[in-house]
Amino acid sequence: MEYDPDLEGTYTKHEDWDGHDVIVHVMDTCDKEDSDHSRYLKWADAFLIVYSITNRQTFEVARVYMENISNYLKGQERDCPVALVGNKIDLERYRQVNKSEGSELATEYDSIFYEITAAEEYELVEKVFHRVIQEAHHDKYGHILQPLFIADDRTTTWSPQQAMSQQSSQQQTQHLHPSQRRPKSPKGAPEKKDEKGQQKKTLNKFFKIFN
Ligand SMILES: Nc1nc2c(ncn2[C@@H]2O[C@H](COP(=O)(O)OP(=O)(O)OP(=O)(O)O)[C@@H](O)[C@H]2O)c(=O)[nH]1
């Protein structure tokens, strides 16, 4: 089926980590002006906010997202990993957002920060997911599973101790197991935008979830 950016989608991936069947549900959001963000916020165990380093506007939108998520989590007294991701580093010559700006924003919200290219380096994308999943797993279950597969030489294993001392550092690998089930998509999530797509899409970030 052809990709349609106007559709909201949930993707599920199974991974065998440390003998556990880890199930990761990913919601790729499709926000509109009238979107009810709270359904994402309630559903997710972790959040990825992606902007394009070649488009400052997307960075400013990411900033709003960071603040909204932070406020929500504080209000709920929840602690979820949040990762800020600057995408399209293969287009360095068109860069509009400095790496330091991304890093500073992430630090401001005590979040993970990566710059990646989704188009050219799948391993980087995977690394972001693994890092977030590992932290989310720790937050939820209180322990870390050991990696089953061997990380490449750029990958290190995250630990809560590391996180305390190196809050903004990168890298990871891990695994999870399902012990709680949650709906595969936020309750009430519309599958599609309205037919004509006349509602302006203001935000286009996705939230990553696992159970
Ligand atoms: N050069 C480059 N292009 C990318 C990269 N990631 C995504 N793109 C392109 O950017 C465009 C938008 O990518 P999407 O994956 O659709 O991004 P999105 O933020 O989900 O946007 P919507 O599709 O509108 O929801 C597409 O043409 C992609 O091919 C990247 O890392 N580098």
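First, the ground rules. This is a predicted model, where local features need pLDDT of at least 70, side-chain atom pairs count only at pLDDT 80 or more, and totals for chains, interfaces and linings use all residues. Residues are numbered from 1 along each chain as its sequence is written, and side-chain values use heavy atoms, with hydrogens and water left out.

Start with α2. Helices here are DSSP runs of H or I with at least four residues, strands are E runs of at least two, and both are numbered from the N terminus.

Now the ends. Asn55 caps the N-terminal end of α2. Its side-chain oxygen lies 2.9 Å from the backbone nitrogen of Gln57. After α2 comes Glu77. Its phi is positive, about 50°, although Glu77 is not a glycine. Buried or exposed? Glu77 is exposed, at 76% relative accessible area. The cut-offs, with a 1.4 Å probe and protein chains only: buried is under 20%, exposed is over 50%, partly exposed is in between.

Which residues of α2 are buried? They are Phe59, Val61, Ala62, Tyr65, Met66, Ile69, Ser70, Tyr72 and Leu73.

Next, the partner. Two packed helices are described by the angle between their axes and the distance between the axes. Arg56, Phe59, Arg63 and Met66 in α2 meet Glu101, Gly102, Leu105, Ala106 and Glu108 in α3. Contact means heavy atoms within 4.5 Å.

Last stop: Val82, in strand β4. Val82 is buried, at 11% relative accessible area. What does Val82 touch, not counting residues up to four places away in sequence? Met66, Ile69 and Leu73 are among them, and so are Phe47, Ile49, Ser111 and Ile112. Val82 and Ala46 are 36 residues apart in sequence. In space they are 5.9 Å apart, C-alpha to C-alpha.

Definitions and conventions:
A polar contact is a pair of N or O atoms within 3.5 Å; within protein, one must be able to donate a hydrogen and the other to accept it, and residues adjacent in sequence count only if both atoms are side-chain atoms.
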